[in-house]
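Me: I am new to this structure and would like to learn how to read it. Could you take me through some of its features, one by one?

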Amino acid sequence: MGEVSIRQLSPADLQQLQELERQQPWPWSSGQLSATLEDADSSVFGAELEGTLVGHAVVVRLPFEAELQAMLVTTAMRRRGLALRLLEAVIDQSRRWDSERLLLEVRAGNVAAIGLYRRAGFDEDGRRPGYYPPLHDTADANREDAVLMSRRL
């Protein structure tokens with residue numbers, strides 16, 4: 001297997017980004033992805049292996065802060081450090097924007113992601129009870145809390 005590279009994506013990467021997004025239960029629309037790729041206050045980073053996008057992260061500049069809005073690594077490429085590399089690119093971009101803090105929210109049940117964020121210096125700031133819809137549509141499925149996290153830059 002080749003080396004995975006991390007790079008900033010452009011509108012030319014829209015089709016691959018759409019294909020990657022379709023692997024999620026609630027993918028971003030083509031219009032949302034296109035607008036984000038073209039937005040001067042957003043950066044989209046991609047993890048690429050042999051010409052194929054295997055992960056991405058979206059960060060947006062806010063007044064005084066930045067927000068990680070999305071991060072995804074394909075199932076086959078998880079547990080290889082790609083999420084950390086994408087997060088490092090997001091942190092670097094946030095610092096270039098002179099943001100004071102980097103914010104994010106994550107499903108309370110996403111233990112792996114929460115562990116990654118804690119190892120990267122994020123602290124829990126609070127929760128939004130019942131924020132996320134259930135991942136699976138079953139009779140006993142409940143909405144899931146959002147964990148709000150941040151780290152100083």
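**Reading the model together**

Reply: Buried means under 20% relative accessible area, exposed over 50%, and partly exposed in between (1.4 Å probe, protein chains only). This is a predicted model, in which local features need pLDDT of at least 70 and side-chain atom pairs count only at pLDDT 80 or more, while totals for chains, interfaces and linings use all residues. Residues are numbered from 1 along each chain as its sequence is written, and side-chain values use heavy atoms, with hydrogens and water left out.

Me: Where is the place of aspartate 39?

Reply: Aspartate 39 sits in the loop between helix H2 (30-38) and strand E2. Helices (H or I, at least four residues) and strands (E, at least two) are DSSP runs, numbered from the N terminus.

Me: Is threonine 74 buried or exposed?

Reply: Threonine 74 has a relative accessible area of 10%, so this residue is buried. Its loop runs between E4 and H3. Contact means heavy atoms within 4.5 Å; not counting residues up to four places away in sequence, threonine 74 touches Leu20, Gln23 and Val54.

Me: How do I read strand pairing, and in which sense do E3 and E4 pair?

Reply: Two strands pair if DSSP finds at least two bridges between them. E3 and E4 pair in the antiparallel sense, over seven bridges, and glycine 55 stands opposite valine 73 in E4. The hairpin of E3 and E4 has three residues between the strands, and there phenylalanine 64 takes a positive phi near 75°. E4 and E5, in turn, run parallel and are joined by three bridges; glutamate 65 has arginine 101 in E5 as its bridge partner.

Me: What do E4, H3 and E5 make?

Reply: They make a right-handed β-α-β unit. A crossover is right-handed if, with the strands pointing away from the viewer, the path from the first strand over the helix to the second runs clockwise.

Me: Which residues of helix H4 are buried?

Reply: In H4 (residues 111-119), the buried residues are Ala113, Ile114, Gly115, Leu116 and Tyr117. They pack against strand E4 (65-73), helix H3 (82-96), strand E5 (101-107) and strand E7 (144-152). Just after H4, glycine 121 has a positive phi of about 95°.

Me: What is a nonpolar core, and which residues touch the most other members of the largest one?

Reply: In soluble globular proteins, nonpolar side chains tend to be buried together. A nonpolar core is a set of buried Ala, Val, Leu, Ile, Met, Phe, Trp, Tyr and Cys residues joined through side-chain atoms within 4.5 Å. The largest here has 29 residues, of which Leu87, Val106, Tyr117 and Phe122 touch the most other members. H3 gives the most to this core, with six residues.

Me: How many aromatic pairs does the structure hold?

Reply: There are two. A pair of aromatic rings is described by the distance of the centres and the angle of the planes. Rings of Phe, Tyr and Trp (its six-membered ring) pair if their centres lie within 6.5 Å; planes under 30 degrees apart count as stacked, over 60 as edge-to-face and the rest as tilted. Tyrosine 131 and tyrosine 132 form an edge-to-face pair, 5.1 Å centre to centre with 85° between the planes.
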